[in-house]
Amino acid sequence: MLRDSPGFVAAFLGAAKVGAIPVPLSTLARPEEVAFMVRDCGAILTITDADPPAAPAGRVEAADTRGDDMCFWQYSSGTTGAPKAVIHCHRGALFPAEGHGRHIAAIGPDDLVYSTAKLFFSYGLNNSLVIPLAAGASVVLDPERFAADRAWRLIRLERPTVLYSVPTAYAALLAAAEAGTPADPSSLRACISAGEALPAPLAERWHRRFGLRILDGIGSTEIGYIAISNSAQDVTPGSSGRVIPGYEARVVDADGLEASEGTLWVRGGSTALGYHDRPEATAATFRDGWVVTGDRYRVADGHYFHLGRDDDMLRVGAQWVSPLEVESVLLSHPDVAECAVVGRADADGLVKVCAFVVLRGAAPTSDLADFCAERLARHKRPRWIESVAGLPRTATGKIQRFRLREAARV
Ligand code: 3UK
């Protein structure tokens with residue numbers, strides 16, 4: 001569990017070299033989540049920023065690993081409860097450099113890469129370690145949490161050629177520039193986006209102001225990196241782009257047949273082996289080498305359009321939010337009788353958390369927003385809390401989330 005630094009890179013590569021399995025953990029996770037992941041993965045050694053730097057060990061022989069040996073694990077959270085460790089093998093570990101790295105970002109030795117996504121995410125690991133290392137490029141590593149003014153200062157001082165970020169951070173960078181923060185994108189030749197859908201109007205505003213197209217692409221921890229992407233030669237606003245060489249994609253309808261609209265399945269060079277110690281989740285998501293993403297897509301002329309999720313999971317700031325987790329926090333407040341959480345688009349078209357609550361009294365006795373802030377990571381906190389008289393339910397009592405999503409669409 002390390003912040004972005006050369007120490008992270010050394011720990012990760014050193015572990016893989018000796019045949020151990022590095023498991024990067026989020027520096028943003030809450031203590032109980034960290035405790036769970038450390039227990040779940042069975043780590044025999046932890047390395048944190050609080051540890052003194054290790055003394056150089058001299059020459060270390062590489063372990064004699066095979067392509068399908070485990071290389072590293074990454075935690076991903078799901079609909080309910082515990083995060084799952086995604087297992088990646090040695091053969092697939094370098095593939096993102098061959099796929100998106102070569103075909104989309106075209107990273108070379110003259111590039112200086114800056115990723116606002118941290119190394120402990122699968123997106124950040126490939127942006128800042130795997131792809132630039134394979135290409136002989138350089139990287140800017142920032143141990144601090146992303147903030148738009150800080151990122152613009154870093155871009156001005158370090159002059160990166162490629163920016164990897166997420167839509168929420170692109171929106172924050174744009175808003176800061178529009179509000180007068182000195183913004184100098186003149187060193188950048190490419191802007192890459194993933195993690196959540198990039199709204200076309202946001203990409204358009206970025207292009208108008210900076211003269212740069214943002215290349216959106218979809219990836220996942222289970223796929224191992226981005227498998228479908230726009231490219232500099234072919235940008236379709238509002239689309240995730242086309243399948244990158246080295247991957248296959250199919251869209252499958254409710255009957256399991258290939259269709260123009262349905263669930264996205266992806267197979268390719270970087271796809272993971274499965275989840276650690278989760279046979280049922282592995283069987284549901286990993287089928288004959290395919291990853292069942294849970295994302296709804298429409299495909300037209302080889303272009304893939306993201307329509308949403310098959311489940312109730314939300315992408316907020318390119319991170320997972322389980323409505324159930326937010327609802328259970330709200331329900332633990334004494335004044336909340338019932339509640340339901342859905343996604344709602346903000347002014348930039350980016351999904352944020354919206355909570356509908358049925359109160360026991362006329363008004364809550366304490367601030368519900370503060371209550372959530374004390375118990376939830378920043379991206380999981382409701383942006384809007386709407387008090388309602390009752391929740392729409394089916395005859396069997398199930399909450400009709402689609403109605404709430406309609407109510408949230410203002
Ligand atoms: C969603 C997108 C629409 C989608 C990731 C690049 O985000 C990454 O991995 P995660 O495991 O989440 C995966 C889920 O995020 N998503 C990602 N990108 C897009 N939705 N448009 C997009 N462009 O629901 C997907 O299933 O955290 C991104 C590279 C590596 C990654 N692991």
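Predicted model: local features only at pLDDT ≥ 70, side-chain atom pairs only at ≥ 80, totals over all residues.
1. Strand 1 and strand 2 (residues 84-89) run antiparallel and are joined by 6 bridges. Stepping back, the two belong to an open sheet of 3 strands in the order 1-2-12, with antiparallel pairing. At the edges of this sheet are strand 1 (70-76) and strand 12, each of which pairs on one side only.

2. Is Asp277 buried or exposed? It counts as exposed, because its relative accessibility is 57% and the cut-off for exposed is over 50%.

3. Asp288 is placed in the loop between strand 13 (286-287) and strand 14 (290-300). Phi of Asp288 is near 50°, again a positive value in a residue other than glycine. With 70% relative accessibility, Asp288 therefore counts as exposed.

4. Now to the ligand. How many residues surround the ligand? There are 19, and the closest are Ser122, Asp216, Gly217, Thr221 and Asp295. By residue class, the shell around the ligand divides into 7 nonpolar, 7 polar and 5 charged.

5. Which elements supply these residues? Helix 6 (122-135), strand 7 (214-219) and strand 15 (303-309) each give at least two residues to the shell around the ligand. Strand 7 has the largest share, with 4 residues.

6. In Asp295, an N or O atom of the side chain is 2.5 Å from an oxygen atom of the ligand. Thr221 has a polar side-chain atom 2.6 Å from an oxygen atom of the ligand. For Arg315, a polar side-chain atom lies 2.9 Å from an oxygen atom of the ligand. As for cover, the ligand taken alone exposes 620 Å², and the protein buries 94% of that.

Note on methods: Residues numbered from 1 in each chain as written. Heavy atoms only, no water. Buried < 20%, exposed > 50% of the residue type's maximum accessible area, 1.4 Å probe, protein only. Pairing = 2+ DSSP bridges. Near = heavy atom within 4 Å. Polar contact = N/O pair within 3.5 Å; in protein donor to acceptor, adjacent residues only side chain to side chain. Areas by Shrake-Rupley, 256 points an atom, 1.4 Å probe, with all protein chains shown as cover. Nonpolar A, V, L, I, M, F, W, Y, C, P; charged D, E, K, R; others polar.
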